[in-house]
Amino acid sequence: MNRLFNPFSPLTRRRALQAPVAALAAGALPAAWAQDTNPAAPPAPLQIVGPWEISGLAPASSGYVFTRMQVTETLLDAADDGQPRPALARLWRRSADGLVWQFELRAGARFHDGKPVTAAAVVRSLQAAQVAPALLSQAPIESITAPDEGTVLIRLQRPHTALPALLAHSSTMVLAPASYGADGKVRSIIGCGPYRIALLVPPQQVETVVFDAYDGPRPAIAAVRYLAASRAETRALMAESGQADLAYGLDPASLRRLQRHAQNPALARRTAVRIASVTLPRTVIVKLNAGLPALRDVRVRQALSLAIDRAGIALALMGDESLAATQLLPPMLGAWHNLDLPPLQHDPEAAARLLRAAGWQRHSDGLRNAQGQPLHLVIRTFVDRPELPLIATALQEQWRLAGIAVKVSIGNSGDVPRGHRDGSLQLALAARNYANVPDPTGTLAGDFAAQGGDWGAMGWHSDAVVQALQELTRTQTPPERTRALRQTITHTLQTELPVIPVAWYRQHVAVAPRLAGVTLDPLERSYRLTGMEWSNP
Amino acid sequence: MNPLLSKPWAALLGRRLVQVLAVSLLIGTLCFLMVRALPGDLAMRVAAGRYGYDLVSNAAADAVRAELGLDRPGWLALLHWWRDMATFNLGQSLVSQRSVWHEVTHHLGATLRLSAAALAIAFAVGVPLGVWAGLRPQGWVDKASWLMAVVLRALPPFLLSVLLVLLVAVQWSFLPAGGDESQASLVLPALTLGLGLAAGLARVTRAAMREVVVSPFFEFARTKGLSDWQALVRHGLRNAAVPVTAYLGVQALFLVEGALVVETLFAWPGIGHALVHAVFGRDIPVVQGTALCMGVLFVVFNLLVDAACLALDPRHTQKVAK
């Protein structure tokens, strides 16, 4: 080699290296400026981030996104305990025989396209909501009519006490006539809530602003953005970085980190993210096929239940020991939570005794019955709720300790109802929402019907439960009788265990420090944006 | 003479056009057969995709089956799809009920923006580093770029993205951690993808540069009196660019593969994320449409790479002409 090759003789190394770094910084800087908030400008929109994607505009698919963002309203609303409350209907009356329901609309209500909310528009939305799987299809409706501009009349074939609850479900949200295309499908979301859509980019993004012509008090938060982010870690990091003001659906690890930061004064000053929590009417259950010879014996089902360490699962996988289910329906469903029931317990010895009494013997490869046939079970679950596969594997191990061999099969949520229909299902782990509509009666009546339910009993039924649920659905029973019927139901479910409760749920939301007045809806019907305001810095 | 009419170009374009047609037909049909062959009931999966786990039930699946005619035989559906393809109609999503073209362009547009930004970063970081390292082998830039390549290629994209978010978004509050609402949201996912690519690019550029520098023609350029800078610009860079361009063509795969993880982590509305959702929801038209567009895009991208190589290396033109 002769002289050293040096093309950059007038340049220094430092200057040559600075070039790419400067180029990168130049690309990023305008973005960083864009993030800087000008103190005189109005605050940036309230940013919500959650796991729920907008899978379509049909009210039954994604209506809940728009009711939660208070873009659309339903005829009735519900209090935290599920009691019906006025919403778009100012008041309602029921005929003495329970067959005719009359709803009077708020006179000043307007759709976001400026047109008044007429009874005819409500009738059209409700009729569209009568198609399965929208829940209104469960009600024995004879007709929905509009006798005048401001009244909606619903006639039933037989009394149905859960009607107000069904009319509070997001699939019955009221849309303007202009929302529907020529084929009857929803083409745009024109509601009548306090916020109107400013931008809608399915499947991820919605932006709303205050609707000026709303007939209620004007909300303090002027603009709101919703972003669907499928990873829980992403949502937590968005909250921590100050990008999201409300982050729904936190995973236990992120939750613990945020809680630790909130308690540590040095870190709290920097992130200052609070955690708000509320218990949900949702229970992790093991649905089981009681029609199988092995599971028909109630002692085997009780043994399966006794072998579960619920406190351990609740603490390790859901971040809170108190979520261990002592019965099917959680305490937040006050009217249905039965304090007289003996709580479900973890007792491996009692489980072993029950299995022996049922004729099962322990072998090296698991349990075998008196005829020497082995007990091999498969538990199906799905990934839509990230904790379910983890809980399934915990159950697998706990049952293995009891000598019961169980295989975990992780698939799609549809596999559970399908296995119910074709009879192939043995065990399934699911997270059942007992307040899909504010009153759990309808959900329970479906789950524990005589022929069983897609997400409830399978190969099991109790006449007492079926009759009690029928009476609760069809007649307006006096309070004493109602209580007695509910007790019959919860007591039978606890002793017979057609589904085995594992854990209850608590919703955790990361809340930004600039936000005040945050309350959470236990029924997950609304983000309650109208009650929030910016806190003074 | 118009270069597009010259023989090597025409041959290249013709070959790629046939490829596009064959790839489209093959991909669409394969996707259809594969999704149909997946276990699980089609109508139930679509119902679960549409209504979520709280409302999915046998009643919902029956309604979906009746609405979409899913109980008709599979070959009939495939015939319909071929007929639609002939009229450039990609059909309607089974889940969202919007047109597949709309879904694909929305998601593909986001992925292309992300990929372009990642490529720009890879270029800005990888090429200068590689050229420098190639000119000064065993120098500290060479060693540093080697170390960077090892570390960045060993780090999986999901780890790199979490580290970047923790540092840049959480610690410094400098850039958003996710979403796509502003241009700033693009920076972190693009960095995650771009840095990995830059690492490889730097090493390939270094090797290409090294080969050029020790070659007789380069030595001759310097001997005939060109300055080092002139020799590099006129004879070095163009020769080194050929293998680098070919490498980028191969790495397009890496971008799309990495995009899946990165898009999910950054809540970026891209095609990888959409494709996974479509497969889970058995949304056959979306799977077909997405795979088709990606396949065509690969062919087009390869065409561009080939064209760039042809333009860079005149010897190639003669070879193709022969």
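Here are a few friendly notes on the predicted model above, taken point by point.

1. A word on conventions: residues are numbered from 1 along each chain as its sequence is written, while chains are lettered from A and ligands numbered from 1 in the order in which they are written. As this is a predicted model, local features need pLDDT of at least 70 and side-chain atom pairs count only at pLDDT 80 or more, whereas totals for chains, interfaces and linings use all residues.

2. Chain A has 16 helices and 20 strands (DSSP runs, H or I of at least four residues and E of at least two, numbered from the N terminus). Its C-alpha trace spans about 90 × 80 × 45 Å along the principal axes. Of its 537 residues, 48% count as buried (20 or more other C-beta atoms within 10 Å of a residue's own, with C-beta atoms placed from the backbone).

3. On to the contact between chains: chain A contributes 49 residues and chain B 52 residues (in contact means C-beta atoms, placed from the backbone, within 7 Å). Elements giving two or more residues to the chain A side include helix H2 (59-68), strand E10 (223-228) and helix H13 (415-422) of chain A. The largest share of that side, 10 residues, comes from H1(A).

4. The largest nonpolar core holds 243 residues (buried Ala, Val, Leu, Ile, Met, Phe, Trp, Tyr and Cys joined through C-beta atoms within 7 Å). A:Leu429 and B:Ala47 are among the members touching the most others. Helix H8 (residues 187-213) of chain B gives the most to this core, 16 residues.

Technical notes: Contact = placed C-beta atoms within 7 Å. Buried ≥ 20, exposed ≤ 12 C-beta atoms within 10 Å, placed from the backbone.
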